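Hello,

Here is the structure for you to look over. My notes follow below it.

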Amino acid sequence: MNKLLLVLIFYLISLSGYAQTIFINEFHYDNTGSDTIEFVEVVVPVAVTDIANIKVSLYNGNDGTKYAGETSLSSFTLGSTANGHHYYYKDYSSIQNGSPDGIFIKYYTTGDYLFLSYEGIFTATNGPATGLTSTDIGVAESGSTQVNSSLYLSGNGSQYTDFTWAVSSGTNTKGAANNGQNLLPITISSFIAKTLGDGVQLQWSTSSEENNDYFSIERSQDGVHFDEIGQINGAGSSKTVNHYQFMDKLPFSSISYYRLKQVDLNGDFSYSHIVVSIPISTATDLKAFSNAAHELELHWQASGQNKLQLYIYDLSGRIMYKRPIEEHPGENSYSLFMSGISSGLYIIQLEDPAGKQMIKWLK
Ligand SMILES: [Ca+2]
Ligand SMILES: [Ca+2]
């Protein structure tokens with residue numbers, strides 16, 4: 001099949017294995033007596049300067065609606081700066097006490113988001129998290145929690161998934177580094193994927209390096225399980241910008257996910273965000289139409305009776321919809337309601353034993 005590689009670039013992250021470098025780091029919502037010193041703390045790499053594009057919303061788990069926000073980080077207070085990160089916080093007068101309730105954060109420049117909840121999970125029904133299901137952080141507060149307490153991230157690393165949630169009793173660190181948290185500086189300032197012939201060229205740069213031995217380039221078919229496909233030597237220690245590139249001559253015929261593992265001379269390592277390459281077939285008769293009722297209608301031709309898989313991906317490569325369907329000889333059509341997903345560009349894929357047809361669809 002003649003294929004054109006359309007490469008889509010993301011820095012997107014969710015809890016399904018992506019790197020998330022802007023995240024909720026600590027918060028407090030419930031304590032003995034009247035709730036007091038309720039706050040949300042967010043950590044942001046110092047390289048990120050457009051903080052107006054980072055927005056926080058509070059969600060009510062009873063009906064999935066947003067009850068506060070979206071609040072831009074511009075209206076948060078900058079506390080400490082340490083280890084290459086800013087600690088921003090905001091005092092709230094009433095963060096709901098569950099159960100469950102949630103906090104949503106999104107960085108609009110890249111599309112990265114994180115949807116956390118406490119005392120259970122739920123699906124958002126309005127606002128920026130519409131249609132997304134929260135992830136329970138696994139710890140909670142109650143009416144007997146001490147004043148000045150918090151829920152906070154603990155551990156070593158530079159991205160959300162490096163840390164675990166813990167409970168503090170009367171010892172919050174609002175606006176400052178958390179107890180038991182070693183936040184490492186991030187040196188990779190950009191990382192993108194581009195098509196070049198039949199391959200995918202990865203390009204990245206670093207703003208500074210310290211004891212950087214090498215980069216391991218890793219590729220994945222599912223965005224979760226990665227294998228190394230090559231290595232590039234690092235600059236050691238450098239205070240200037242360095243540029244790197246690597247060519248993947250044999251990307252997957254479906255989606256390819258890439259990430260960088262940066263390894264220090266002493267063996268310490270950290271991961272970049274993930275970029276995605278999606279090949280789009282040019283030889284397809286698959287067509288998509290949508291109408292005002294949010295119904296998506298697909299039309300295509302088939303030469304026989306086959307079982308197919310229908311996938312709809314968002315631009316980060318996440319599967320938004322998956323369903324087995326059947327086709328019959330001649331003209332086929334299939335309709336589905338897509339009212340639950342937000343407007344934007346999506347990839348529709350029909351997959352049968354003989355191959356894949358993929359098209360772009362703008363909702
Ligand atoms: Ca509260
Ligand atoms: Ca803190």
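**What was found**

Of the 363 residues in the protein chain, 36% count as buried. Please keep in mind that this is a predicted model.

The chain has 28 strands and 0 helices. Take the contacts between residues at least 6 apart in sequence: 61% of them join residues at least 24 apart.

One sheet to look at is open and has 3 strands. Its order is S22-S23-S26, and the pairing is antiparallel. The edges are strand S22 (287-290) and strand S26 (330-337). Each has a single partner strand, so one side of each is left without a neighbour in the sheet. On average, neighbouring strands of this sheet are turned by 20° against each other, direction ignored.

Now the pairing of S22 with S23. Strand S23 covers residues 295-302 and runs antiparallel to S22. The two are joined by 4 bridges. Leu 296 in S23 has Ser 290 standing opposite.

Next, a single residue. Ser 216 lies in strand S16, which spans residues 209-220.

Which residues does Ser 216 touch, leaving aside its neighbours within four places in sequence? The contacts are Glu 228, Gln 231, Lys 261 and Val 263. Glu 228 is 12 residues from Ser 216 in sequence. In space, their C-alpha atoms are 6.4 Å apart.

Best wishes

Notes:
Residues are numbered from 1 along each chain as its sequence is written. Chains are lettered from A and ligands numbered from 1 in the order in which they are written. This is a predicted model: local features need pLDDT of at least 70, side-chain atom pairs count only at pLDDT 80 or more; totals for chains, interfaces and linings use all residues. Two residues are in contact if their C-beta atoms, placed from the backbone, lie within 7 Å. A residue is buried if 20 or more other C-beta atoms lie within 10 Å of its own, exposed if 12 or fewer, and partly exposed in between; C-beta atoms are placed from the backbone. Two strands pair if DSSP finds at least two bridges between them. Axes are lines fitted to C-alpha atoms, for helices over the stretch in contact, and angles run from 0 to 180 degrees between N-to-C directions.
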